[in-house]
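This report describes one protein chain, from its overall build down to single residues. The sequence and the model come first.

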Amino acid sequence: MNIQPIIPFEPQSTEVIPEGDQWIAQVKWDGVRVLTYFDGKETRLFNRKQNERTLQYPEFVDVPRYCSASSVILDGEIISLVEGKPSFHAVMKRDAVRSPERVQRARKITAVTYMLFDILYYNGEWITDQPLSERQEQLNRIITPCDDVQLVENFSDGNRLFQVIQAAHMEGIVCKDLTRPYRIKGKDRRWVKKKWYRDLIAVVGGVTFRSGWVNAILAGVYDQKGQLWYIGHVGTGKLTETEWKDFTETVNPLIIDQRPFVNVPDRIRDAVWVKPQITAKIQYAEWTQGRTLRQPSIQAFTDIPPEFCVFEP
């Protein structure tokens, strides 16, 4: 393939929803960010960390099925709906599959949908310097929506959309400036996100056991100096008993004697320390004054490298 994967643009967090004719709002779909690269002959899918996902999502490899471009790079989010709402836990089950045989079984169990919101490359030319409004027009012209491929809808009233998201208990919204180009490997306020609930990716630095199986993790994040800080004891969430048992087998070889956190966890009794190699998506209510998470729960384990789990003030 002649097209090399890039690091996509990321939105910044905001507490104030922008207003004005140049701004549109979109649902922030809770899934896996995936870019599709099609050079006219071959298709490959990569996530935002440039890890290949072609194997995991074969339903989107046949690009001409839903896109008329002769070559293209599409940007979007792959989601899995459970009871009508996106489930990060469900889509991560698909994302974690590593063998073709298991992919075919997973497709029957966990259906996914590709929510497309941008186009970066079209018919042999980069179009990232075009404003979002023109890129969206191009995207609308070449995409034929179907059951598992959809275009993300624009809304003019971000505040109203956020109220709907709150009522539906979904993740949040992303507001985008229609006049701005796309910045590869960028992150600034041309796109801003506002979440109804909060989440982060944390590093597993310890675990606790019950009846021989892990039943909770001790989570942490790095500071700017590379020090790992404990931020919470997390034992609730969406993991099934089978997933906890699978995690136990994964974590047992990582057990170490020395505490990896620079601070002492408030729930140190029965803690077993592990090498900080595994990451998890944690949902929480707020930060406490002691810089720990209030009401944390595990959504899923991820493949995001631990070094990316850095606290953002």
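Which residue in the turn of the hairpin formed by strand 3 and strand 4 has a positive phi? Gly40 does, with a phi of about 100°, and 4 residues lie between the two strands of this hairpin. Helices (H or I, at least four residues) and strands (E, at least two) are DSSP runs, numbered from the N terminus.

The model is predicted: local features need pLDDT of at least 70, side-chain atom pairs count only at pLDDT 80 or more, and totals for chains, interfaces and linings use all residues. Residues are numbered from 1 along each chain as its sequence is written, and side-chain values use heavy atoms, with hydrogens and water left out.

**Overall build**

The protein chain has 5 helices and 20 strands. Its radius of gyration is 20 Å, close to the 20 Å from the globule rule for 313 residues, so the chain is as compact as a globular protein of that length. This radius is taken over C-alpha atoms, and the rule is 2.2 Å times the number of residues to the power 0.38. Along the principal axes, the C-alpha atoms of the protein chain fill a box of roughly 60 × 45 × 40 Å. Of the 313 residues, 51% are buried. Buried means under 20% relative accessible area, exposed over 50%, and partly exposed in between (1.4 Å probe, protein chains only). Among contacts (heavy atoms within 4.5 Å) between residues at least 6 apart in sequence, 70% join residues at least 24 apart.

**The hairpin and the cores**

Strand 3 and strand 4 run antiparallel and are joined by 5 bridges; two strands pair if DSSP finds at least two bridges between them. Tyr37 has Arg44 in strand 4 as its bridge partner. Strand 4 (residues 43-47) has 4 of its 5 residues buried, so it is largely enclosed by the rest of the structure.

A nonpolar core is a set of buried Ala, Val, Leu, Ile, Met, Phe, Trp, Tyr and Cys residues joined through side-chain atoms within 4.5 Å. The largest such core has 26 residues, of which Tyr57, Phe60, Tyr66, Val72, Ile78 and Ile143 touch the most other members. At least two residues of this core come from each of strand 3 (32-38), strand 5 (72-79), helix 1 (88-95), strand 8 (113-122) and helix 3 (132-142). Apart from this core lies another, of 23 residues, including Val204, Val221, Val274 and Leu293.

Beyond its neighbours within four places in sequence, Tyr66 is in contact with Thr36, Phe60, Leu74, Tyr114, Ile142, Ile143, Thr144, Cys146 and Val149. Helix 1 is mostly covered, with 7 of its 8 residues buried; Phe88, His89, Ala90, Val91, Met92, Arg94 and Asp95 are the buried ones.

| Strands | Sense | Bridges | Partners |
|---|---|---|---|
| Strand 1 and strand 12 | parallel | 4 bridges | Gln12 and Val192 |
| Strand 2 and strand 11 | antiparallel | 5 bridges | Val27 and Ile173 |

In strand 11 (residues 172-177), 6 of the 6 residues are buried. Gly172, Val174 and Lys176 point one way from strand 11, whereas Ile173, Cys175 and Asp177 point the other way. In a regular strand the side chains alternate between the two faces of the sheet.

**Annotated region**

An unreviewed UniProt entry annotates residues 105-195 as "domain: ATP-dependent DNA ligase family profile"; such annotations may be inferred rather than shown by experiment. Over residues 105-195 the chain is 30% helix and 33% strand, and the end C-alpha atoms are 33 Å apart.

**Two loop residues with positive phi**

Arg291 is not a glycine, yet has a positive phi of about 65°. Arg291 sits in the loop between strand 18 (286-287) and strand 19 (293-294), and at 39% relative accessibility counts as partly exposed. Gln295, also not a glycine, has a positive phi of about 55°. The loop between strand 19 and strand 20 (297-302) holds Gln295, which counts as exposed at 62% relative accessibility.
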